[in-house]
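I'll jot things down as I go.

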Amino acid sequence: MNEPLIKIEHLQKKYQDNLVLKDINGEVQPSEVIALIGPSGSGKSTLLRCINQLEKPTSGAVYFQDKDLTQATAQDLSQLGEEIGMVFQSFNLFPNMTVLENIKLAPMRVKQMNEQDAETTAMQYLTRVGLAEKAAAYPDSLSGGQKQRVAIARALAMHPQVMLFDEPTSALDPEMVGEVLAVIKELANEKMTMVIVTHEMNFARKVADQIWFMADGVIQEKNTPDELFNHPQEAKTQDFIQKVLTI
Amino acid sequence: MQGWQQCFKKILAVMVAGLMLGVFTSTSASADDDNLQKIKDQGVLRVALSPDYPPFEFQVNHGQGEEDVGLDIDIIKKIAKDLGVKLEIENMSFSSVLVAVETGKADIAIGGINPTPERKQSVDFSNIYYNGGQAFLVTKAKYKQLKSAKQLNGHTIGTQTGTLQYNLAKQRYTKSKLVGMDKGSDLVLALKTNKIEAMGVEKPVAEAYVQNDPDLVMFQSDYDLSSDETGTAIAAPKGSTSLIAAMNQSIDQIKKEHLISKYMKDAAKDMKTNTVDTSMLHYWNYFFKGFQYTLLISILAVMGGVILGVVLALMKMSHFKILSWPAISYIEIVRGTPMMVQVLLVYFGLGVVVNLPALTAGIIAVTLNSAAYISEIIRGGILSVDKGQREASQSLGLNHKDAMRFVILPQAFKNIWPALGNEFIAIIKESSIVSIIGVTDLVYELNVVRADTYRGVAPIIVVMVVYFLMTFALTRGLNYLERKMKYE
């Protein structure tokens, strides 16, 4: 096996007296797709946000390639944005810019790309998510599914090595979930390394190489989808799997 | 912890304010007796006065521009000529003229000033150059019951605040209610609308009013006065013995040659030219000039205030205490003190260090004031932008500066646009406070026109309409821009 792309060691996160993450360990290999599942409040999103330092871990280390991100300077973290893309539950598109400007901004400001090249790249990814005709539209005029596809295109335009998805379909109307999941699935087929926090169990089962099941701030169990869903080892996992599958 | 920090911040603010005060008071030490030499070296005599007190000093409208004229103007012209220097008049409000002398903004002050013992504590006076005596103005209707000063006790008397007339009336008419106002023209209006029954005033001023207003009648006062209190004299900084001696020489000559009655005749003539046509249209250039200054001050203060406001807001939100604390103290001090005091502090206080023209001082003061308010609006705007916008910027690798510039600030400005609009309107209106240091804005011109025309109400209405048109146009413009800012 290769060197892991991301390595998490003894990660802890505390808000005042509330220990949200307790001693998290894990590795993400290149081209691997990890699905983070578990009940609400188990710390999935916090873990994801600790990986790209949107939250400062209380202790422990997060390595990207060989660099410990918890010790990185502000400048290093800015470079991190190029390497680790993130897609949010609430899209977080910039409402003051058109779709095209949303995608162009970071390549131009961070990668110093000229406007022409940035526009070409942006159009390329917009086409890929099927929204080329919306280039000149403002985000507020798009549907939720379209917004999330633009957000994915925006993250991809930075050519990241890893994509983090924080419940990418939780804020969507049911009929729009499919179009977003299809885009993510296609990325998986292209061997993009991804960590996905999701409540879509069927999707996790189909797309993920590994599933990490979290509860109470701890990764209770890591396994392949088939093993985890069919033969859960821990009591908490069994309890959770039973609940979600009987719905 | 929170409470402790709050408390500490307040203490810090008070300390900073105290420090500033200390600097200014300690540097405004009394002048040495080289004032006369300094005037001669500069070749200019700078005189502070308030040209809204006919016949002593007022302005005439030549059609193109206005000129200060009157008894006092003739006297300082004569003094400047005798000293062999040029005359430079610094127009300002009457309450500021003595401060201007104390702080070195002007070399001398004139303006029907009575050399009272209180005033003598802060400035020195020349000999008395004019002794007109005191009188009272009443309306024709009132005159039927109130014909002499003997009947006054128990009636409501109005005088200008902080003047000799006020103190005299207070001592003499113990049963009367006293009303103090800033402007003579306001008192006349109060008289006509029966807010006061009699108005205590310098005799020549009363005579001027009676000549120009058929509704008014005057009678002599019955005060028992030493000439020190009835006469008017010129103020100079404390300790300027040689300057006073030089001025007294000119005054002696004026008295010997009976020039005062000639000056008074000139003043009467000038007042006639003023009251030939008292239509507001005739004075349009006064209002237009005031409008231009108000507009200039407002525009510069808004632009400077927004730039400084962004800087202050970012400083206040900084994690570094060395940046946030100065911003917090500044905002607290500015918001916690009246703008009028700030204007005076910038003009006279800062004037001790650098000699700022009144207009510059006014613009600086209004800008500094508005920056504090605008910065709080902007800070609110930045905080109102969704946290996810910052996180998205960060996750894309944008640095703090780019995130602010391209993502946060544009959205913040859109959110706070209506609040900013209110602040801009407030600046237009509140900038009128600079009239006290003699910036010729709308309110300043208003008082000049009222003094010149003896019309109390009409100029107020004209100025109101001008202010309203300015703010109305601004509101319209802001609404238009707000509609354009919608993202679609």
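Below are my entries on pockets, cavities, a helix pair and some annotated stretches.

**Ground rules.** I'm working with a predicted model, where local features need pLDDT of at least 70, side-chain atom pairs count only at pLDDT 80 or more, and totals for chains, interfaces and linings use all residues. Residues are numbered from 1 along each chain as its sequence is written, chains are lettered from A and ligands numbered from 1 in the order in which they are written, and side-chain values use heavy atoms, with hydrogens and water left out.

I looked up the largest pocket first, and its volume is about 1,100 Å³. On a 1 Å grid over the protein atoms alone, a pocket is an open set of points with protein on both sides within 12 Å along at least five of seven lines, while a cavity is a set where a 1.4 Å probe fits but cannot get out; lining residues have an atom within 4 Å of a point. Volume here means the space filled by probe spheres set on the points, which are joined across faces, edges and corners.

I found 29 residues lining the largest pocket, with B:His319, B:Arg390, B:Gln394, B:His400 and B:Met404 nearest its centre. Which helix gives the largest share of that lining? It's α18(B), with seven residues (helices are DSSP runs of H or I, at least four residues; strands are runs of E, at least two; both are numbered from the N terminus). By class, I noted twelve nonpolar, nine polar and eight charged residues in this lining (Ala, Val, Leu, Ile, Met, Phe, Trp, Tyr, Cys and Pro are nonpolar, Asp, Glu, Lys and Arg charged, and the others, Gly among them, polar).

**Cavities.** I got two cavities of 30 Å³ or more. The largest cavity holds about 90 Å³ of space, and its lining includes A:Leu77, A:Leu80, B:Gln394 and B:Ser395. α2(A) gives the largest share of this lining, three residues.

I listed A:Arg128, A:Val129, A:Leu156, A:Val183, A:Glu186 and A:Leu187 around it; three residues, the largest share, come from α6 (174–189) of chain A.

**Annotated stretches.** An unreviewed UniProt entry marks residues 293–315, 344–366 and 456–475 of chain B as "transmembrane region"; such annotations may be inferred rather than shown by experiment, and positions follow the numbering used here, with feature names shortened. I checked residues 456–475 of chain B: 90% helix, 0% strand, end C-alpha atoms 30 Å apart.
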